[in-house]
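Please take a moment to look over the sequence and the structure shown here before reading on. The paragraphs after it are meant to be followed with the structure in view.

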Amino acid sequence: MTLPTTRPSPWATVFARRTYLAGAFWATGLLVSVITHTPDRAGWLAVRLDAAGLLYTAAAITGGVNFFGAGLRAIRTVRLDMNFLMSAAIVAAVLIGEPFEAASIAFLFSLAELLERYAVDRGRRSTSKLLELSPERADRLTGAGEVETIAVDQLHVGDRIRVRPGDKMPADGRVMAGLSEVNEATVTGESLPRRKAPGDPVFAATVNLDGSLDVEVTADAAHSTIARVAQLIRESESRRAPVEQTVKQFSRIYTPAVTALAILVMIGPPLLAGQPTLEWFVRGLTLLVIACPCALVIATPVTVVSALTSAARHGVLIKGGEYLEALGAVRALAIDKTGTLTLGQLEVSDFQVEGCDRQRLLARIAGLEARSEHPVARAILRYANHAGAAPANDVESFRTIPGRGVEGVVGGVTLTVGSDEQVPAAAAAGWGEPEPGTLRAYVYTTDGCSGLLVLRDQIRPAARATVDRLHRLGIRPVVMLTGDTEAGAASIARVTGVDEVRSRLLPEEKVSAVRELKHRFGSVAMLGDGVNDAPALAEATIGLAMGAAGSPATIETADVALMGDDLTKLSYAIRLARRTRRTIRFNIGLALGLKAVLAVGAVTGTVSLAVAVLAGDLGASLVVTANALWLATMRAEG
């Protein structure tokens, strides 16, 4: 499979260098202003010639070059967009003698654009990280029965390979010989290993646990399951409509409307009523300067930065203002089960014993399992340690029965721990039927002792409370998407309170489920933690990752990461996003209201330009900035 094209880092582009230089001019000018106590304004159609004024002007020009070209193209194509708005704001601020404001606009928006490019670049790199999960080499069996090590991309459909215990599957295939358990979390997301016997399918990048397997290759490297996951991510990201910030949506309407009005003021009275051309030209230019939202375009980033900073302080990483706003519009949530609603780690939930001392048997089991690297063995050892049963040190022999369990002699007694196929039928039959979503390890000894270990993936303590909070926020339905069995998924759904369950899903089926939810509800978020969730995260309106537990590919594909694996942060992030949307809209409404009043006064000659700039820019900036900083006081739920 062809890897994504390598792109230069956004930090090293010409755009970035202009941003750095504009920032240096802006910061130096600010320092000079403070030291020399020079004023910020120069006056109408005047340029400050002191050091600070020249530095601010240099910053405005250097940062403004990032927008001027696109702004001119917007004029030529008569599609006045955000770039034209930024260019007009910078030029207008210079014209009215506000070099500091011009420099601030140029630098802040260049920096915001640079950060957005960086976030997009990280998302593009996520697919290449996925492909790195597969091993680079494979052991192919020759016709003479010998083993040769070759590169994975040299494998062909029909080749026979050998996968040893602990190795990753180099390709998709079908088991021809051997018996083992395989960890398929990279594909299905499920923490319970699956037993593989001749005829069963296996997938590239999954981990063979305890037995040697001979596998016939059924798909080459370019068409393996993990390669299809990477392709799904690329297709979903290219298909997903770009998220647009409120200020950009606003500028598409506001900018051409204000520009057209200013032109009408300039030419209308002279042409229709014979009024003095120069006087009305100045009034039209004054209207354009007043209407140009210098304060607004500064205050909006302040709102976003305040919200993003508050989110980061509470353990929520949001990759940009547009994603923050889009999160506030979410109506439904798709959520993975393993590692998200659950902890993603097997734990012993019950241990029953008949015919012997409980602690003594647990110590013998722990002594045997200490010699295994199987996930079940590690869970049993954690349980024994918590119960105070030190592993027995008189283990005389040990062997693994691939796909079934372990057996050995401990203290002169033969001990077997494994599936119902491994222990005597009578020992397994006495414990009743297993519960959905659990894994059973039966225990049998030759001195008449028997037992049962029940293991399950533990539900996160905050799962139910989080789903309830989402319901109170109007997020409904909350839909579980999982590769688990129908019975296992249903048992988790009953406890957590999710509204719908989709089970036994492969990565492409999760993408289809998210697509169907988007068709039904419009804006849909997806929360997951594993590689198998990455395509669905890319397909969703907003992708959210469980941060510390999430795979690198998942975190880079997602728009939002809950860095502390704290599920309670999900409802906090949505509440913050909604308040941010309300704040931005209030800021826009306030600025528009002030400017509408001042613009009427400017056209009629009752409001001077100095008063208009003071109230419309400085006053509005103070109010909306204070409003934005209020977001930082928002607290997360306990």
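The model is a predicted one, and in it the protein is built with 21 helices and 22 strands. Of its 638 residues, 53% count as buried, while the protein as a whole exposes about 27100 Å², with carbon and sulfur atoms supplying 59% of that area. When the contacts with a separation of 6 or more are considered, 68% of them are accounted for by residues 24 or more positions apart.

How many disulfides does a search of the whole structure find? The search finds one, and this disulfide joins Cys356 to Cys449, with a distance of 1.9 Å from S to S. Cys356 sits in the loop between β12 (342-354) and α12 (358-369), and Cys449 sits in the loop between β16 (438-445) and β17 (450-459), so the pair ties together parts that are 93 residues apart in sequence. A disulfide is a covalent bond between the sulfur atoms of two cysteines.

Are these two cysteines buried or exposed? Cys356 counts as partly exposed, because its relative accessibility is 35%, whereas Cys449 counts as buried, because its relative accessibility is 3%.

Note on methods:
Residues numbered from 1 in each chain as written. Predicted model: local features only at pLDDT ≥ 70, side-chain atom pairs only at ≥ 80, totals over all residues. Heavy atoms only, no water. Helix = DSSP H or I, 4+ residues; strand = E, 2+ residues; numbered from the N terminus. Buried < 20%, exposed > 50% of the residue type's maximum accessible area, 1.4 Å probe, protein only. Contact = heavy atoms within 4.5 Å. Areas by Shrake-Rupley, 256 points an atom, 1.4 Å probe, with all protein chains shown as cover. Disulfide = S-S within 2.5 Å.
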